[in-house]
Amino acid sequence: MVALAATLLGCSRGSTDEAGAADVAKLDCPHEAWRKALQPAQYEVLFEEGTERPFSSPLEKEKRTGTFVCAACALPLFESKTKFDSGTGWPSFWAPIAGHVGTSTDYKLILPRTEYHCARCGGHQGHVFDDGPKPTGKRYCNNGVALAFVADGEPLPELRSCPA
Ligand SMILES: [Zn+2]
């Protein structure tokens with residue numbers, strides 16, 4: 001199954017975005033607009049690719065059923081059924097909502113890592129590693145401050161346009 005998925009991704013026109021990402025219309029806002037609209041800690045992670053301190057996010061312990069949306073533009077990125085306790089101190093998931101995150105290679109550390117971001121606004125969310133649980137074997141290690149949680153039964157927020 002994983003091999004099949006890898007094969008399918010390998011056929012996707014050389015884009016670094018995952019299959020289906022083309023379905024999400026991009027929102028290209030000036031970073032300055034986001035800087036004014038977001039909390040400083042959110043802005044630093046989302047648009048300066050910062051990393052929050054481990055165990056600092058209440059979402060790490062979030063166990064309810066619901067949806068995790070981008071803290072900038074409100075695009076749903078993860079469902080609670082893919083969340084697991086990685087013990088790392090960051091909210092961790094084994095799969096994003098298909099097509100809702102894009103990836104790129106980050107060379108900030110000596111070993112290249114794969115960073116991933118919201119497919120809509122481009123806001124950085126975290127890094128993906130190959131040591132996750134079944135069924136994907138992936139670990140999406142997410143900054144909690146870059147997400148907002150919406151419990152089942154609550155309405156999802158409307159997708160946000162560029163802040164004024
Ligand atoms: Zn977003």
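Cys70 has a relative accessibility of 2% and therefore counts as buried, since the cut-off for that class is under 20%. In this predicted model, Cys121 also falls into the buried class, with a relative accessibility of 10%.

Both residues belong to the site of the zinc ion, whose protein donors are the SG atoms of Cys70, Cys73, Cys118 and Cys121, at distances of 2.3 to 2.4 Å from the ion. The angles among these four donor atoms run from 98 to 116°, and the site is tetrahedral. For comparison, the ideal angle for four tetrahedral donors is 109.5 degrees.

Along the sequence, the donor residues follow the spacing C-x2-C-x44-C-x2-C. Because Cys70 sits in strand β1 (residues 66-70), while Cys121 sits in the loop between β6 (113-118) and β7 (124-129), this pair ties together parts that are 51 residues apart in sequence.

| Residue | Relative accessibility | Location |
|---|---|---|
| Cys70 | 2% | strand β1 (residues 66-70) |
| Cys121 | 10% | loop between β6 (113-118) and β7 (124-129) |

Turning to the whole chain, the protein has three helices and nine strands, and these are arranged along the sequence in the pattern α-α-α-β-β-β-β-β-β-β-β-β. Of its 164 residues, 47% count as buried, and the accessible surface of the chain comes to about 9,100 Å², with 57% of that area belonging to carbon and sulfur atoms.

Note on methods
Residues are numbered from 1 along each chain as its sequence is written. This is a predicted model: local features need pLDDT of at least 70, side-chain atom pairs count only at pLDDT 80 or more; totals for chains, interfaces and linings use all residues. Side-chain values use heavy atoms; hydrogens and water are left out. Helices (H or I, at least four residues) and strands (E, at least two) are DSSP runs, numbered from the N terminus. Buried means under 20% relative accessible area, exposed over 50%, partly exposed in between (1.4 Å probe, protein chains only). Accessible areas come from the Shrake-Rupley method with a 1.4 Å probe; for residues, only the protein chains shown count as cover. Donors are N, O and S atoms within 2.8 Å of the metal (3.2 Å for Na, K and Ca); water is not among the atoms, so sites may look incomplete. Four donors count as tetrahedral if all angles lie between 85 and 135 degrees; four count as square planar and six as octahedral if opposite donors are over 155 degrees apart and all others between 65 and 115; anything else is irregular.
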